[in-house]
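Welcome! Please take a look at the sequence and the 3D structure below before reading on.

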Amino acid sequence: MIDSNAAGRRDIYGGRDPVEIPAYTIPDVAQWLRVPLSTTRAWLLGQSGFEPVIEIADRSSKSLSFRNLVELHVLAAIRREHAVPMQRVRLAVDFMKSRLGEPNPLASVRMLTDGRDLLIEAYEQFVNVTRGGQLEVREFVQAYLDRVEHDAHGPVRLYPFSRKHVLEDPRSISIDPRVQYGRPCLIGTGIPTAEIADRCKAGESIASLARDYGRPEQQIEEAIRYELPLAA
């Protein structure tokens, strides 16, 4: 059955699905997903002796699609806490490909809906995880997968982390390829987080910004935190 609403949304993009349009730069996604730029480049472009882990939407311009953004987000669940070397990251992705039977498993519907156990298998196979840490790993992996919203065809929205400790991170920011050209915004709005942060840097108070935007001060604080690298 054809999703008429989805088809209508694609029409305003010239018949292209906004999830697949190359709209993001590598430095942007590195900052938004809290992954070191050098690591992000290695995963997307490869490095000496290694091919890329993720096939990006437009390699000639080094531009990423929203689907690529989600793939990186899921991949970071393997990498973030244990700094897994690229070779092992690749083995983990190949492991998931073989188990799911899909060429791009990291953003597949099956991975996003019930992929926790498979991701944990990859984690435990390629990272030295002690028995006592297995429950923590499950919570950690689930926290990543819960941040991706999907429909029957794949990912449609991502709620990135704004803090270092993911299990304590509120869901205040969203990235939707159909809103503000896919730029991070306050959840449920079209208010870009970068705009809020720029106004704060110019000297406006959190209280005044909250009044102007009609949003709680806590959300304004999270938007600013999100735009400041390595904020606590």
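This is a predicted model: local features need pLDDT of at least 70, side-chain atom pairs count only at pLDDT 80 or more; totals for chains, interfaces and linings use all residues.

Residues are numbered from 1 along each chain as its sequence is written, and side-chain values use heavy atoms, with hydrogens and water left out.

**Helix H10 itself**

- Helices here are DSSP runs (H or I, at least four residues), numbered from the N terminus, and H10 covers residues 206-213.
- In H10, the buried residues (under 20% relative accessible area, with a 1.4 Å probe and protein chains only) are Ser 208, Leu 209, Ala 210 and Tyr 213.
- H9 and H11 are among what covers these buried residues of H10.
- After H10 comes Gly 214, which has a positive phi near 65 degrees.

**H10 meets H11**

- The axes (lines fitted to C-alpha atoms, for helices over the stretch in contact) make angles that run from 0 to 180 degrees between N-to-C directions.
- H10 and H11 (residues 217-227) have axes that come within 9 Å and cross at roughly 110 degrees.
- H10 and H11 are therefore roughly perpendicular to each other, a label for angles of 65 to 115 degrees.
- In contact (heavy atoms within 4.5 Å) are Ile 206, Ala 207, Leu 209, Ala 210 and Tyr 213 from H10 with Glu 217, Ile 220, Glu 221 and Ile 224 from H11.
- Seven of the residues in the contact of H10 with H11 are nonpolar, none are polar and two are charged.

**H9 meets H10**

- Helix H9 (residues 193-201) and H10 have axes that come within 10 Å and cross at roughly 140 degrees.
- The contact of H9 with H10 has four nonpolar, no polar and three charged residues.

**The nonpolar core**

- A nonpolar core is a set of buried Ala, Val, Leu, Ile, Met, Phe, Trp, Tyr and Cys residues joined through side-chain atoms within 4.5 Å.
- In the largest nonpolar core, with 63 residues, Leu 69, Leu 75, Met 96 and Ile 196 touch the most other members.
- Helix H4 (residues 66-79) gives the largest share of this core, nine residues.
- Not counting residues up to four places away in sequence, Met 96 touches Ile 78, Gly 101, Pro 105, Leu 106, Met 111, Leu 118, Leu 119 and Ala 122.

Conventions:
Helices (H or I, at least four residues) and strands (E, at least two) are DSSP runs, numbered from the N terminus. Angles under 35 degrees count as roughly parallel, over 145 as roughly antiparallel, 65 to 115 as roughly perpendicular and the rest as oblique. Ala, Val, Leu, Ile, Met, Phe, Trp, Tyr, Cys and Pro count as nonpolar, Asp, Glu, Lys and Arg as charged, and the others, Gly among them, as polar. Buried means under 20% relative accessible area, exposed over 50%, partly exposed in between (1.4 Å probe, protein chains only).
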